[in-house]
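Please take a first look at the chain below. The report after it goes part by part.

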Amino acid sequence: MKSTRANLSYSTAAGRWARLGPYYAMFPIPFAESIIELYTKPGQTVIDPFCGRGTVPFIAMVNGIRAIGCDINPVAWLYAKTKTDPHGSLEEVKARISQLQEAAGPDAGKAESEFQEMAFCPSVLAFIKTARRKLVWRTSSLDRTVATLLIQHLHDKKGQGLSNQMRHSRALSPRYCIEWWHRNGYSVPPEINTQKFLHKRAEWRYAKGTPRPSGGEAPTITLGSSATALPETHTPADLVLTSPPYSNVTNYRADNWLRLWALGEGPSLPDWKPEQKFVNTEAYRRMLRECLTATKERTHPRTVWYIRSDARPQTKKIITAIMCELLPDYRPYENPAPYPGSTQTALYGDHEPKPGEIDLLYMPPRRLRKGFTSQFRPAK
């Protein structure tokens with residue numbers, strides 16, 4: 001059957017917005033497209049209770065599939081909410097950026113730490129601090145879009161973001177950054193006109209318009225734990241496609257500490273609390289059970305579940321045990337999904353071999369697997 005996937009090249013609005021949001025551990029777009037195409041039809045619904053930067057709801061939306069999503073991280077929620085429902089007027093976005101620039105007095109650019117002094121020039125720092133105070137991104141479509149553009153470009157390679165040389169997907173520790181800048185000749189941050197910089201990025205993002213739902217409606221995406229904040233559906237979902245956080249692997253708040261600070265959602269220096277990595281097995285099990293139970297309440301007996309899991313036993317065993325409780329009549333299948341090359345952790349000095357991931361497929365009675373999932377083996 002000929003694919004009817006939406007055109008996601010940069011020549012389209014959908015293509016320009018699809019990749020919004022650098023985020024650690026995110027679904028590849030082709031992967032989400034393939035699963036949604038296999039197990040849904042236009043007008044049906046897909047759920048992602050851990051939606052991250054919103055790849056699943058966005059791909060569903062532009063292909064005529066209803067979607068609901070949820071994420072507990074404000075950075076992820078902003079990306080997901082804005083890419084699926086950006087503010088409609090570029091000129092209003094640019095005007096709001098200009099308002100923030102005008103409100104950013106010189107005193108606001110005073111650095112509070114050596115990291116801030118080396119990361120951002122005074123005018124950029126003044127803009128960020130003003131945005132922290134004035135943007136009501138939780139309730140305003142306009143402010144949400146401006147806040148998203150700000151954190152999208154908050155840190156990146158020198159010349160591509162508002163910061164000194166930094167990786168865009170994850171904010172490292174201030175001490176590491178300071179030492180690296182000194183060692184590599186980046187002791188002074190670049191001078192950037194924030195207003196002009198963000199205007200240019202906004203113009204590129206809006207150049208082909210904004211993405212619109214294909215024959216349906218914009219996804220409903222909420223901020224909070226999916227145990228309590230997952231949206232209701234018009235009709236039960238036909239597909240659950242998600243990847244829960246992995247136990248003791250990454251700390252999503254620490255990874256995004258700098259962007260959370262820019263949003264007014266965190267301190268100016270990172271918080272390395274270990275519970276953010278789901279180190280406690282029982283707490284992790286309880287969180288997953290509550291979130292997946294809430295998800296099941298929005299499905300029907302023929303819903304297909306596709307979960308990408310960490311292949312290490314600690315995460316996989318907990319997920320499979322919970323799914324066995326929730327879906328006792330379903331047939332479980334699995335398929336290893338090893339990392340094709342270096343992992344993102346290699347960028348930060350961790351070159352140890354990784355076990356990769358594993359895809360878990362849960363099929364309702366008498367429903368057939370399709371496409372490449374027909375090669376999955378029965379789960380042990």
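A salt bridge is a side-chain nitrogen of Lys or Arg within 4 Å of a carboxyl oxygen of Asp or Glu. Arg66 and Glu217 meet that rule, with their closest N and O atoms 3.8 Å apart. The model is a predicted one.

## Salt bridges across the chain

Arg66 lies in strand β2, residues 66-71. Glu217 sits in the loop between α10 (194-206) and β3 (220-223). The pair therefore ties together parts that are 151 residues apart in sequence. Arg66 is partly exposed, at 29% relative accessible area. Glu217 is also partly exposed, at 35%.

How many salt bridges does a search of the whole structure find? The count is 17. Side chains of opposite charge can pair when their charged atoms come close. Glu37 is partly exposed at 36% relative accessibility, and Arg5 is partly exposed at 33%.

Another bridge joins Glu112 and Lys129, at 3.1 Å from N to O. Glu112 is in the loop between α5 (90-103) and α6 (114-119), and Lys129 is in helix α7 (residues 122-134), so the pair ties together parts 17 residues apart in sequence. Glu112 is exposed, with 54% relative accessible area. Lys129 is buried, at 12%. There is also a network: salt bridges with shared partners join Arg5, Glu33 and Glu37.

## The open sheet

Now to the strands. Which order do the 8 strands of the open sheet follow? They run β3-β2-β1-β4-β5-β7-β6-β8, and the pairing is mixed. β3 and β8 (377-378) stand at the edges. Each has a single partner strand, so one side of each is left without a neighbour in the sheet.

Two of the pairings can be followed in detail. Strand β4 (residues 237-242) pairs with strand β5 (residues 299-310) in the parallel sense, over 5 bridges. Within this pairing, Leu241 has Tyr306 in β5 as its bridge partner. Helix α2 packs on the sheet and touches β4, β5 and β7 (357-363). The direction of α2 makes about 160 degrees with that of β4. Strand β1 (residues 45-48) pairs with β2, again in the parallel sense. This pairing has 4 bridges. Thr45 stands opposite Arg66 in β2, and Arg66 is the residue that bridges to Glu217. β2 is mostly covered, with 5 of its 6 residues buried.

Strand β5 holds Ser309. Is Ser309 buried or exposed? Ser309 is buried, with a relative accessible area of 0%. What does Ser309 contact, leaving aside its neighbours within four places in sequence? The contacts are Tyr246, Thr315, Lys316, Ile319, Glu357, Ile358 and Leu360.

## The enclosed helix α4

Helix α4 covers residues 74-84. Why is α4 described as largely enclosed by the rest of the structure? Because 11 of its 11 residues are buried. Among them are Trp77, Leu78 and Tyr79. Lysines are on the list too, including Lys81 and Lys83.

Asn73 caps the N-terminal end of α4. A side-chain oxygen of Asn73 lies 2.9 Å from the backbone nitrogen of Val75. Val75 is itself one of the buried residues of α4.

The structure has 0 disulfides. A disulfide needs two cysteine sulfur atoms within 2.5 Å. For Cys70, the nearest cysteine sulfur is that of Cys51, 6.9 Å away, and Cys70 is in no disulfide. For Cys324, the nearest is that of Cys291, 19 Å away, and Cys324 is in no disulfide either.

Cys70 is buried, at 0% relative accessible area, whereas Cys324 is exposed, at 53%.

How values were computed: Residues are numbered from 1 along each chain as its sequence is written. This is a predicted model: local features need pLDDT of at least 70, side-chain atom pairs count only at pLDDT 80 or more; totals for chains, interfaces and linings use all residues. Side-chain values use heavy atoms; hydrogens and water are left out. Buried means under 20% relative accessible area, exposed over 50%, partly exposed in between (1.4 Å probe, protein chains only). Helices (H or I, at least four residues) and strands (E, at least two) are DSSP runs, numbered from the N terminus. A polar contact is a pair of N or O atoms within 3.5 Å; within protein, one must be able to donate a hydrogen and the other to accept it, and residues adjacent in sequence count only if both atoms are side-chain atoms. Two strands pair if DSSP finds at least two bridges between them. Contact means heavy atoms within 4.5 Å. Axes are lines fitted to C-alpha atoms, for helices over the stretch in contact, and angles run from 0 to 180 degrees between N-to-C directions.
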